[in-house]
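My plan is to look up a few spots and jot down what I find.

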Amino acid sequence: MMCIIYTLWISLTFLLLSMVRCSLVTMRGGEYIVKDLRGEKIHSETLHVVFQFKTIDPSSLLLFSVNHQLGDFISLELIGGKLRYKGRLGDEDKGAQEMIVGGDALLNDYQWHVVDLKLNKRTVTIELDYQPHTKTFEGAYEVLDLDGDVYLGGVSSTLDVSQYGITVRRYSGCLRNFFFNDDDFLYKTKYSKPTYSSYGDLLWNKCENIDYQPIMFKSPQEYALVPTYLKHSLSLTFKFRTLIGSGLLFSKVSKAVTATLYLKETKLFLSVRIGEGNGPIIMTQGADLDDGFWHRVEISITTKHIMLKLDQLSELKHHSPFSHLVSFHKSNGTLGGGEEHIMKGFVGCMYNIWMDNTLIDYRKLHPVYSAGVLRKCELKDYCLFQPCRNGGRCTQNHKSYKCDCINTMYSGPTCEESVFQRSCQEYKELGLHEDAYCTIDPDGDQAQIKPFRVLCNMTRYSHKAVTIFEHQLPTDEIQISKGVIEGQSYHHNIDYAIDLDTFDYLLQHATHCQQHVNFKCKNARLMNSPLGPAETVWIGRQGHDEQYWGGAKPDSGSCACRYDKSCAKPYRYCNCDVGDDVWRSDAGYLNQTDRLPVVMMSFKLTANQSFFSVGHLECQFNATAIPQNLSKFRALKACTPLNQRPTSRPHVTNPSIKQNERILSWDRKKPNFNYGRKNPTKEQGYVGPFVPKVNVNVTVELPKILEKQGEEGLKFTLSVYAVIVIAVATVIVVIIIAIVIIAKRCQGLRNGGRATSEHDMDDYEREDGAAANEMCTFFGSYSRPSNSNRPVIEVHRHSIHCDTIDELPPAYREFAHGYGHQPITTHIDLSYKPHKKSFGMFC
């Protein structure tokens, strides 16, 4: 009884509104109306929208408004002949709302339908043709905030609404008495009230009368006959909509002319064969004609030309060379199927059919003309709500749908089975043996976690793969003072482009994880041992300040050097805790999987001169079962190999405490490092800690030149590569200088040996040019010509022994007077230099 009274009250309300003031407008698919809310923002727990509509389009946007800052939005749209409401309170996914209403009969039947939308906090009520539908949604917010524009019939082409998942197709049809919170939208727009505006050519106070009498071909075997009236020409105009991209639309077969109009691969084709033995004339237009919307097509075949026109596209004309042969029998043409020997029939709807300038009304024709077709249009869109997941393409026939997953990384009936593997270990077992970036899907087909890329190290171990989660920070040294200052600390955030919930799920399946940290200090402390508190902390995914460093036990307030007793001071637990003006460092691996990865580093302001580094998170996983029907080729397409040398096996020092307490050991077997061997024989099953690249830097400090207060000398740091380059360059320069000197002396020798000048004779009293080489005999035995009887001069440290005085150099003969031709030995000053250039650097 109450329902009847309520229905009567609604009907009476609309009747009174219609009697007092009826607002009516027609839109043709290119217009829309806007109300500016900037002066009257909506901040309310309730909203009320009521209107009437009439259309033949299955999908279009009716209403939309959004708050870009807070994320609130509402929308009403037609989707596949049904009414869909979408909204959201806040920017959280839990605040998303969606309702689809409509019975078996579709709403795009060109009949008036009444919509009454009420929002009350998180409860949504939609009355469609006086039938209420109510749903309460979850979420943290109850107030709707709208501060932009309210769009009616479509949105501006400059507004991006892709993130809201709504259609952007503008409404085509009639709207009547549209009230938005008691504001008459249409009336105020028509009379250009403030904050209301319209775009496009609206038709006011009139709803276009469309003779909508569709016929529907439900299967490829159904067809309808259409009478033809002219002999030497044929013209056909009609509108169609379909969800299947192939099928015969029209055919006219005779001995003189055969014409077929058909869809193939979602395009429209017209084929005309004139006369016998002539090839067909084929014309094509359009694309994606299986979109479910109405399309208008017009064809004309006369003695002068063949014409094809689709929608708003330019018409195609072909002047026929066989015009004299154009002759049609006045038999019936065929719409839809009926010509299976040509191709499968059309599945879809048609209306407004004109043949030879005559409107075909199947209500008045004999039933034989429309045998098997339905006189309504109720296409069922199996792909409407995207049953194919993960980007799969939905195709359908008149009975069901099928998902094409070929261009995705998924398989299965609805592309729900991920081809992506859960970790790098699965890719290794599929045959990937080189380092590569691979996309992994940790939860597989559950679709709760989106796939993402990681670095897969396949070459470090023969049977184990390492999954590496990279972050955005450089892995080499970072100056601490470049961080963000908050209070008395420098903060460095570490972003992995993966949310912590994903890490929580992912790392619970990891067998081992580790991450390298390094602190290079000067005048800065790390753990402030032994009393604490720590001056440097790292924060993991649990959000706690962790006060221990790599290589140490959790919560120990110490570093790795404490356990092998290698700290700079025996009473300190970290090298950097000395806190002096000397460069020191503490480094090691963090291997507590439940606390990793490192998401933040925090340092005291006093550490502004120091440096730190954080390596990427490295984990290992056990392989899950790989489906037998999985295509290895498709799966390995998810990986992009790296063009670089394989990662070398790290060197690990043997700690003085248990391996699992000091640094990560992925196997309790003793490691066997086989450098240079391609397949180490004893490494199977062992995965030791990963030793990162070691940076050896040389810091050079020059004293200050100007004695000014506060000035320091020049200080700069050179990497080991820079030092090597400088050393090599220095050696090369020295060698070049030596070569130049030797070359110049050899040049002087050649010049002196070819000419005997007066200076040569005066200084040395030489008898021939060969005397220039006498001094060079100090380097070894004297090489004399074969025709010479001169003896060999023997050199003994600082003395020289000669058989006769004539063998002595001229400068020493004065010391040998009185010896005659007897053998003599005299002392030689090896620092003696001749006046002229001679061969050798010391002669």
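Predicted model: local features only at pLDDT ≥ 70, side-chain atom pairs only at ≥ 80, totals over all residues.

**Entry 1: a greasy patch**

Does Val728 count as buried, partly exposed or exposed? I looked up its relative accessibility and got 44%, so Val728 counts as partly exposed. I found Val728 in helix α7, which covers residues 720–754. Val728 also belongs to a nonpolar surface patch, together with Ile724, Ile732, Ile736 and Val740. I wrote down about 420 Å² for that patch.

**Entry 2: a strand tucked away**

Next I went to strand β2, residues 32–36. How many of the five residues of β2 are buried? I got five of the five, so β2 is largely enclosed by the rest of the structure. I also checked which way the residues point. Tyr32, Val34 and Asp36 go one way from β2, while Ile33 and Lys35 go the other way, and all are buried.

Then I looked for the pairing partners of β2. Strand β16 (residues 196–199) pairs with β2 in the antiparallel sense, over four bridges. In that pairing, Tyr32 has Tyr199 as its bridge partner in β16. Strand β13 (residues 149–152) is also joined to β2 by four bridges, and these two run antiparallel. Here I noted Val34, whose bridge partner in β13 is Tyr151. A reminder from class: strands of a sheet pair through backbone hydrogen bonds, either parallel or antiparallel.

**Entry 3: a six-stranded sheet**

In what order do the six strands of the open sheet come? I traced β19-β28-β21-β22-β23-β24, with antiparallel pairing. The edge strands are β19 (223–226) and β24 (281–285), and each of them pairs on one side only. On average, neighbouring strands of this sheet are turned by 15° against each other, ignoring direction.

I zoomed in on one end. β24 pairs with β23 (residues 267–274) in the antiparallel sense, over five bridges. One contact I wrote down there is Val272, with Ile281 in β24 as its bridge partner.

**Entry 4: disulfides**

How many disulfides does a search of the whole structure find? It finds eleven.

- Cys388 and Cys403: a disulfide joins them, S to S 1.9 Å. The link is left-handed, with -95° about the S-S bond. Cys388 sits in the loop between β30 (358–359) and β31 (393–396) and Cys403 in strand β32 (residues 401–404), so the pair ties together parts 15 residues apart in sequence. Both Cys388 and Cys403 are buried.
- Cys405 and Cys415: their sulfur atoms are 1.9 Å apart in a disulfide. I read -95° about the S-S bond, a left-handed link. Cys405 is in the loop between β32 and β33 (410–411) and Cys415 in the loop between β33 and β34 (417–418), so this pair ties together parts ten residues apart in sequence. Cys405 counts as buried at 10% relative accessibility, and Cys415 is buried at 0%.
- Cys521 and Cys576: this disulfide has its sulfur atoms 2.0 Å apart. The torsion about the S-S bond is about -95°, so the disulfide is left-handed. The pair links distant parts of the chain, 55 residues apart, with Cys521 in strand β41 and Cys576 in the loop between β43 and β44. Cys521 counts as buried at 2% relative accessibility, and Cys576 counts as buried at 1%.

I wanted some backbone exceptions to finish. Most residues other than glycine have a negative phi, and most peptide bonds are trans.

Which bond joins Gly532 and Pro533? I found a cis peptide bond, with omega about -5°. Pro533 lies in the loop between β41 (510–521) and β42 (536–539). Leu596 and Pro597 are joined by a cis peptide bond too, with omega about 5°. I placed Pro597 in the loop between β44 (584–590) and β45 (600–604).

For phi, I picked Asp555, where the value is positive, near 60°. Asp555 is in the loop between β43 (545–546) and β44. Its relative accessible area is 54%, so Asp555 is exposed. Lys565 is not a glycine either, yet has a positive phi of about 55°. I found Lys565 in the loop between β43 and β44. At 77% relative accessibility, Lys565 counts as exposed.

Notes. Residues numbered from 1 in each chain as written. Heavy atoms only, no water. Pairing = 2+ DSSP bridges. Axes fitted to C-alpha atoms, helices over the stretch in contact; angles between N-to-C directions. Patch = residues over 30% accessible without salt bridge, like charges linked within 9 Å, V, L, I, M, F, W, Y side chains within 5 Å. Areas by Shrake-Rupley, 256 points an atom, 1.4 Å probe, with all protein chains shown as cover. Salt bridge = Lys/Arg side-chain N within 4 Å of Asp/Glu carboxyl O. Buried < 20%, exposed > 50% of the residue type's maximum accessible area, 1.4 Å probe, protein only. Disulfide = S-S within 2.5 Å.
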